[in-house]
Amino acid sequence: ERLAQVPLFSKLSKKQLREVSSLATRLDFPAGKELTHQGGIGNELIIVLEGEVEVQVDGEVVATRGPGDYFGEIALLSDRPRTATVVAKTPVAAEVIGRREFSTLVNDVPELATQLLATMAERLQEDEDFKK
């Protein structure tokens, strides 16, 4: 039910939502916990259910994300290092989808692939704009 409220998954059928849910693992992170590290290897997509995270590029906060937001798709889709460090600003509840499960999901639910690619392109452009 919570995943259905995430914009990325809002248009999926109940069957597709069940598939997403079966591939995801719920994790809780304390405030201050680093969830991803810029330049590191990305092995998961993280979907924020509760709480807020800060997105940092080169040590500077460039965005705050909250419930319904997700990150990690760039490293998974492009097989490149993480483009940002993400730190829990508050306690965070999240669904985490590992690399193997992510591949299964993208292959089985093409609607997600389209949305993820659009988000990835937008975030890469934001990253380029930030560096200027």
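1. A word on burial before we start: a residue is called buried under 20% relative accessible area, exposed over 50%, and partly exposed in between (1.4 Å probe, protein chains only). With that in hand, Asp79 is exposed, at a relative accessible area of 60%. Keep in mind that this is a predicted model, in which local features need pLDDT of at least 70 and side-chain atom pairs count only at pLDDT 80 or more, while totals for chains, interfaces and linings use all residues. Residues are numbered from 1 along each chain as its sequence is written, and side-chain values use heavy atoms, with hydrogens and water left out.

2. Let's stay with Asp79. This residue sits in the loop between helix H2 (73-78) and strand E7 (85-88); helices (H or I, at least four residues) and strands (E, at least two) are DSSP runs, numbered from the N terminus. Asp79 has a positive phi of about 50 degrees, although it is not a glycine. As background, most residues other than glycine have a negative phi.

3. Asp58 also has a positive phi of about 50 degrees without being a glycine. You'll find Asp58 in the loop between strand E4 (53-57) and strand E5 (60-65), and it is exposed, with a relative accessible area of 59%. Gly59 belongs to the loop between E4 and E5 and is exposed at 64%. Gly59 and Thr85 are 26 residues apart in sequence, yet their C-alpha atoms are 8.0 Å apart in space.

4. Now for helix H1. Its buried residues are Gln16, Leu17, Val20 and Leu23. They cover an arc of only 125 degrees around the axis, so they fall on the same side of H1; the arc is that of the directions from the helix axis to the C-beta atoms. On the other side of H1, the exposed residues are Lys14, Lys15, Arg18 and Ser22. In general, an α-helix has 3.6 residues a turn, so residues three or four places apart point the same way.

5. What does H1 pack against? The axes of H1 (residues 14-23) and helix H3 (residues 99-108) come within 10 Å and cross at roughly 170 degrees (axes are lines fitted to C-alpha atoms, for helices over the stretch in contact, and angles run from 0 to 180 degrees between N-to-C directions). H1 and H3 are therefore roughly antiparallel to each other, a label for angles over 145 degrees. Glu19, Val20 and Leu23 of H1 meet Glu101, Thr104, Leu105 and Asp108 of H3, where contact means heavy atoms within 4.5 Å.

6. Leu23, in helix H1, is buried at 18% relative accessible area. Neighbours within four places in sequence aside, Leu23 is in contact with Val96, Ile97, Glu101, Thr104 and Leu105.

7. On to the cores: a nonpolar core is a set of buried Ala, Val, Leu, Ile, Met, Phe, Trp, Tyr and Cys residues joined through side-chain atoms within 4.5 Å. The largest has 23 residues, and Phe9, Val20, Ile97 and Leu112 have the most contacts inside it. H1, strand E3 (44-50), strand E8 (92-98), H3 and helix H4 (110-131) each give two or more residues to this core. A second, separate core of 15 residues includes Val53, Val57, Phe71 and Ala94.

8. At 1% relative accessibility, Glu73 counts as buried. Not counting residues up to four places away in sequence, Glu73 touches Leu45, Leu116, Thr119, Met120 and Arg123.

Key
Parallel < 35°, antiparallel > 145°, perpendicular 65-115°, else oblique.
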